[in-house]
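Here's a quick briefing to read alongside the model. Have the sequence and the 3D view open, and let's walk through what turns up.

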Amino acid sequence: MTKLTIDQVKFNLGKVPGWSLTDDERALTQSFTCTPFPKAMEFVNRVASYLGQDHDHAEIRIAGDRVTFVLSSKKANGLTGKDFAIAQAITKLSG
């Protein structure tokens, strides 16, 4: 996949409500609160199942009932269209 320009990133950011850019503008991030803690783990497992073998785009941090995702394409050294598609899917899986 091809790395998106900053203008393309900012355009696509409007398609993923709740997600924001990291300070270096190379990744998307969003935190979700899932209470109680087992719900957080269920959510992470749903996302992991969705990602399957294509897990190199996602970093997942779990702190109690808070799950934070950081998405970036390591091969592209930045964001691609696939990162935005994954962000949309994670948002749907959160519901």
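F32 and F43 are both buried, where buried means under 20% relative accessible area, exposed over 50% and partly exposed in between (1.4 Å probe, protein chains only). Keep in mind that this is a predicted model, so local features need pLDDT of at least 70, side-chain atom pairs count only at pLDDT 80 or more, and totals for chains, interfaces and linings use all residues. Residues are numbered from 1 along each chain as its sequence is written, and side-chain values use heavy atoms, with hydrogens and water left out. Helices (H or I, at least four residues) and strands (E, at least two) are DSSP runs, numbered from the N terminus.

**Aromatic rings**

- Rings of Phe, Tyr and Trp (its six-membered ring) pair if their centres lie within 6.5 Å; planes under 30 degrees apart count as stacked, over 60 as edge-to-face and the rest as tilted.
- That rule gives four aromatic pairs.
- W19 and F32 have ring centres 6.2 Å apart and planes at 65 degrees, so this pair is edge-to-face.
- W19 sits in the loop between α1 (6-13) and β1 and F32 in strand β2, so their pair ties together parts 13 residues apart in sequence.
- Both of these residues, W19 and F32, are buried.
- F32 also forms an edge-to-face pair with F43, at 5.2 Å centre to centre and 75 degrees between the planes.
- With F32 in strand β2 and F43 in helix α2, this pair ties together parts that are 11 residues apart in sequence.
- Ring pairs link W19, F32, F43 and F69 into a cluster.

**α2 against α3**

- In α2, F43, R46, V47, Y50 and L51 meet A85, I86, A89, I90, L93 and S94 of α3, contact meaning heavy atoms within 4.5 Å.
- The two helices, α2 and α3, pack at about 140 degrees with their axes 10 Å apart; axes are lines fitted to C-alpha atoms, for helices over the stretch in contact, and angles run from 0 to 180 degrees between N-to-C directions.

- A cis peptide bond, with omega about 0 degrees, joins T35 and P36.
- P36 is in the loop between β2 (28-33) and α2 (37-51).
- E25 isn't a glycine, yet has a positive phi of about 60 degrees; E25 is found in the loop between β1 (20-21) and β2.
- N77, in the loop between β4 (66-71) and α3 (81-94), is another residue other than glycine with a positive phi, near 55 degrees.
- E25 is partly exposed, at a relative accessible area of 36%.
- N77 is partly exposed too, at 43%.
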